[in-house]
Amino acid sequence: MGSTSFEDGTRAYWAGDYAAAAAALADAAREHPYRAKAIFADDKHRQVPAPVPKGPLQIIISIADQKISVYSADVLLARSAVSTGVQDHPTPMGVFTVIQKQRWHRSNLYSAAPMPYMQRITWSGVALHAGVLPGHPASHGCIRLTEDFAVRLWQLTKLGNRVIIAGNDVAPLEISHPQLFRQKPKPDTSLGTPAEPLKNAQATTGPAADGFIKPVKAVGMTVDSPEPAMTEQPAGAQPKPPAPRVEPVSIFISRKQQKLFVRQGYAPLFESAVTIRNADRPLGTHVFTAIERKENSDAMRWTVVSFPDAASSKIERVRIEPKGRHSGREAAKHAKLSPPTVERARAALERIEIPQEASDRIAELLSPKSSLIVSDQALSEETDSDTDFIVLVR
């Protein structure tokens with residue numbers, strides 16, 4: 001059984017991260033329970049490796065195109081083929097996150113079928129994993145990946161990464177709007193208080209990983225002494241524990257429920273009633289993601305992924321009919337779709353009125369990688385105490 005190299009065997013281009021590439025090569029060289037079969041190579045997507053942008057990771061799957069695309073912020077990192085659910089066991093469309101990962105997993109529902117490099121997105125049995133790709137929808141609802149792509153994706157993702165499954169291909173677009181939440185300004189404590197004596201040398205500032213400018217003091221330097229102050233840690237003293245990780249918040253606004261829900265690290269924080277003007281008209285489903293804090297501002301850079309409208313959904317169903325697999329797909333290529341635009345997302349935001357108290361609480365919690373989901377749908381019953389918001393659009 002031949003090995004799969006990162007450069008020559010992969011079905012999609014991956015940028016940067018050479019350590020992970022070496023790990024993928026080593027893993028592919030050993031024996032596996034089976035080898036996934038890809039029907040074609042995505043050589044047209046291979047490019048010269050470049051540094052991977054450090055943005056929120058989003059995985060987008062197109063049912064009609066049988067494709068998976070991986071984005072960092074709004075930059076495409078990789079694209080490859082998939083095989084999704086058949087008509088009797090369709091893959092659900094909607095908004096999900098990775099909630100469990102197992103390198104070697106067997107199905108709890110279908111005769112312990114192998115599911116290598118499994119990444120679960122619902123507790124009812126939908127996951128991404130390596131599998132056989134016959135060139136059309138063939139699974140019981142899961143998203144099958146080529147093996148080399150599944151390995152690389154499994155190494156790249158973390159729990160909580162966003163997974164969006166749509167009927168047609170969609171992509172993150174940068175968006176700005178006054179209704180998008182802003183971060184509450186942090187008090188500037190770098191100069192101390194007027195009553196506090198100046199004990200340390202002049203502080204300097206530097207960019208932190210989360211985009212904030214934080215004070216960095218010259219520890220041990222005092223005004224009275226030009227030499228560093230020697231300090232010793234008492235014998236037996238315990239090291240100071242690291243600061244707890246700040247989890248991004250998720251906000252969900254449902255037109256059907258006329259409510260706003262907020263979670264942080266899967267834990268429900270609070271909910272609030274909202275007012276939606278012309279509530280009988282659809283808003284659509286839009287996923288907004290905070291990328292980073294803008295320089296010298298409390299505003300965030302945001303992207304949005306909008307689901308296709310209802311007119312596109314009719315074409316989606318035609319394209320995945322098992323009978324005449326290719327005829328429906330070719331006919332749909334010539335159909336006029338209305339691709340998602342930021343204008344639709346902005347129009348949805350303009351119709352939503354959020355109580356000031358709720359906005360203020362969200363501003364205090366907001367950080368990069370936080371998200372806002374706006375949808376006509378109610379919160380799915382798949383949403384649990386150990387999931388992020390799950391929203392089904394079909």
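This is a predicted model: local features need pLDDT of at least 70, side-chain atom pairs count only at pLDDT 80 or more; totals for chains, interfaces and linings use all residues.
Me: Is Arg 301 buried, partly exposed or exposed?
Reply: Arg 301 lies in strand S18, residues 300-306. Its relative accessible area is 21%. Buried requires under 20% and exposed over 50%, so Arg 301 is partly exposed.

Me: Which residue's side chain is joined to that of Arg 301 by a polar contact of 3.0 Å?
Reply: Leaving out residues up to four places away in sequence, Arg 301 touches Asp 74, Glu 174, Thr 289, Ala 290, Ile 291, Glu 292 and Lys 294. The polar contact of 3.0 Å joins the side chain of Arg 301 to that of Glu 174.

Me: What distance separates the C-alpha atoms of Arg 301 and Ser 176?
Reply: Along the chain, Arg 301 and Ser 176 are 125 residues apart. Their C-alpha atoms are separated by 7.3 Å.

Me: Which are the edge strands of the open sheet of ten strands?
Reply: The strand order is S5-S6-S7-S8-S3-S2-S1-S9-S4-S21, with mixed pairing. An edge strand here pairs on one side only. The edge strands are S5 (100-102) and S21 (391-392).

Me: Which residue in S3 stands opposite Val 70?
Reply: Strand S2 (residues 67-72) pairs with strand S3 (residues 75-83) over six bridges, in the antiparallel sense. Opposite Val 70 in this pairing stands Ala 78.

Me: What angle does the direction of helix H2 make with that of S2?
Reply: Helix H2 (residues 147-156) packs on the sheet, and the strands it touches include S1 (57-62), S2, S3 and S5. The direction of H2 makes an angle with that of S2 of about 30°.

Key
Residues are numbered from 1 along each chain as its sequence is written. Side-chain values use heavy atoms; hydrogens and water are left out. Helices (H or I, at least four residues) and strands (E, at least two) are DSSP runs, numbered from the N terminus. Buried means under 20% relative accessible area, exposed over 50%, partly exposed in between (1.4 Å probe, protein chains only). Contact means heavy atoms within 4.5 Å. A polar contact is a pair of N or O atoms within 3.5 Å; within protein, one must be able to donate a hydrogen and the other to accept it, and residues adjacent in sequence count only if both atoms are side-chain atoms. Two strands pair if DSSP finds at least two bridges between them. Axes are lines fitted to C-alpha atoms, for helices over the stretch in contact, and angles run from 0 to 180 degrees between N-to-C directions.
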